[in-house]
Amino acid sequence: MASGEDSPADNRSPLGRVGFESGSDIYERARPSYPPAAVAHLEATCAIGPGTVVLDLAAGTGKLTRQLAADGAVCIGIEPSASMREVFQRMVEGAVAIAGTAEAIPLADRAVQAVVVAQAFHWFDPQVALVEMARVLVPGGWLALLWNERDEADHSMAELVRISKWDHNQPYPMGHDFGVRIDESGLFGPVERSRFSFVQWLGLGEFVDQVASRSYVRVLPEAERQALLEQVATYGATLGDPIPMPYVTDLFCAQLTTS
Ligand SMILES: C[S@@+](CC[C@H](N)C(=O)[O-])C[C@H]1O[C@@H](n2cnc3c(N)ncnc32)[C@H](O)[C@@H]1O
């Protein structure tokens with residue numbers, strides 16, 4: 001079995017590594033889970049139900065894992081960060097979190113019926129990871145990639161993005177079509193794209209934490225980080241209590257075409 005940290009197979013990008021090595025409790029507290037309509041659509045499209053064996057790759061603290069497990073899926077979490085895995089084990093009942101990366105998945109060939117990746121595919125080496133995901137899927141198995149993104153069409157979110165300098169640090173633009181990557185791999189069938197909207201309600205502390213939990217903020221020099229978070233807090237205080245955070249969820253599902 002390949003391991004996560006300290007493994008020669010661990011070729012995570014520097015920000016994807018350092019940005020998630022700590023602060024997992026803040027991540028767990030402030031980041032939204034996935035909207036029930038998106039999870040239901042994912043399960044229906046990818047044939048996930050009671051007893052389906054699902055790999056949650058880059059599972060983090062297990063936000064999506066626990067939603068699928070609640071519907072009866074048999075979930076395996078793979079996650080390179082020990083800090084994230086520690087929270088996962090506390091928060092997800094009946095599923096294990098194994099150390100490993102998307103580029104060297106520590107599972108046998110054809111081990112799972114579905115692979116889900118929430119909020120993380122942009123950290124992977126996409127070509128290597130797609131081959132690995134295809135390898136661990138049974139013939140006809142399903143892949144689902146999804147992201148919760150703050151809805152920048154909303155004025156307050158657009159302003160938050162500007163104040164928190166997300167516009168200069170985002171690893172991908174909001175609404176990016178990751179389905180193109182899946183199609184280009186030639187490993188999966190036509191991509192089914194769907195989008196869902198929801199609102200998360202946050203107290204001021206959580207509002208600041210959802211910015212603090214972002215990897216580009218976690219790696220800032222301390223004085224710069226504090227100054228940025230103070231600006232975010234000042235802005236958040238103008239948005240009401242609780243603060244509405246409009247999000248969109250982009251979901252991409254595709255079936256393995258190779259055997
Ligand atoms: C934004 S978090 C998403 C966590 C979880 N899936 C969720 O929905 O909350 C991104 C996760 O990707 C993990 N990660 C980064 N690079 C990775 C890689 N190359 N392989 C597997 N996981 C990786 C990080 O450790 C982190 O836990």
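This note sets out points on side-chain packing and helix contacts in a predicted model.

1. Aromatic pairs. The model holds ten aromatic pairs. One of them joins W147 and F178, whose rings are stacked with 10° between the planes and 3.9 Å from centre to centre. Because W147 belongs to strand 5 (residues 137–150) and F178 to the loop between helix 8 (166–169) and helix 9 (179–185), this pair ties together parts 31 residues apart in sequence. Both W147 and F178 are buried.

2. A second stacked pair. F198 and Y247 are also stacked, at 5.2 Å centre to centre and with 10° between the planes. F198 is located in strand 6 (residues 192–202) and Y247 in strand 7 (residues 243–255), so the pair ties together parts that are 49 residues apart in sequence. F198 and Y247 are each buried.

3. The ring cluster. W147 and F178 also belong to a cluster linked by ring pairs, together with F121, F124, Y172 and F252.

4. Charges over W166. Two arginines are placed over the face of W166: R150 lies 5.5 Å from the ring centre, and R214 lies 5.0 Å from the ring centre.

5. S213 is found in the loop between helix 10 (204–212) and helix 11 (215–218). Its relative accessibility is 2%, and S213 therefore counts as buried, the cut-off being under 20%. Apart from neighbours within four places in sequence, the contacts of S213 are I26, Y27, R31 and R218.

6. Burial of helix 6. In helix 6 (residues 126–136), the buried residues are P126, A129, L130, E132, M133, A134 and V136. The elements covering these buried residues include strand 1 (53–57), strand 4 (112–118), strand 5 and helix 9. As background to the spacing of such positions, an α-helix has 3.6 residues a turn, so residues three or four places apart point the same way.

7. Packing of helix 10 on helix 12. How do helix 10 and helix 12 (residues 222–236) pack, in terms of angle and distance between axes? The angle is about 140°, and the axes of helix 10 and helix 12 are 9 Å apart. Helix 10 is therefore oblique to helix 12, since only angles over 145 degrees count as roughly antiparallel. The crossing of the two helices is right-handed. Helix 10 contributes L204, F207, V208, V211 and A212 to the contact, while helix 12 contributes R225, L228, L229, V232, A233, Y235 and G236.

Notes:
Residues numbered from 1 in each chain as written. Predicted model: local features only at pLDDT ≥ 70, side-chain atom pairs only at ≥ 80, totals over all residues. Heavy atoms only, no water. Phe/Tyr/Trp six-rings, centres within 6.5 Å; stacked < 30°, edge-to-face > 60°. Helix = DSSP H or I, 4+ residues; strand = E, 2+ residues; numbered from the N terminus. Buried < 20%, exposed > 50% of the residue type's maximum accessible area, 1.4 Å probe, protein only. Lys NZ or Arg CZ within 6 Å of the ring centre and 35° of its normal. Contact = heavy atoms within 4.5 Å. Axes fitted to C-alpha atoms, helices over the stretch in contact; angles between N-to-C directions. Parallel < 35°, antiparallel > 145°, perpendicular 65-115°, else oblique. Left-handed = near helix turned anticlockwise from the far one by under 90°.
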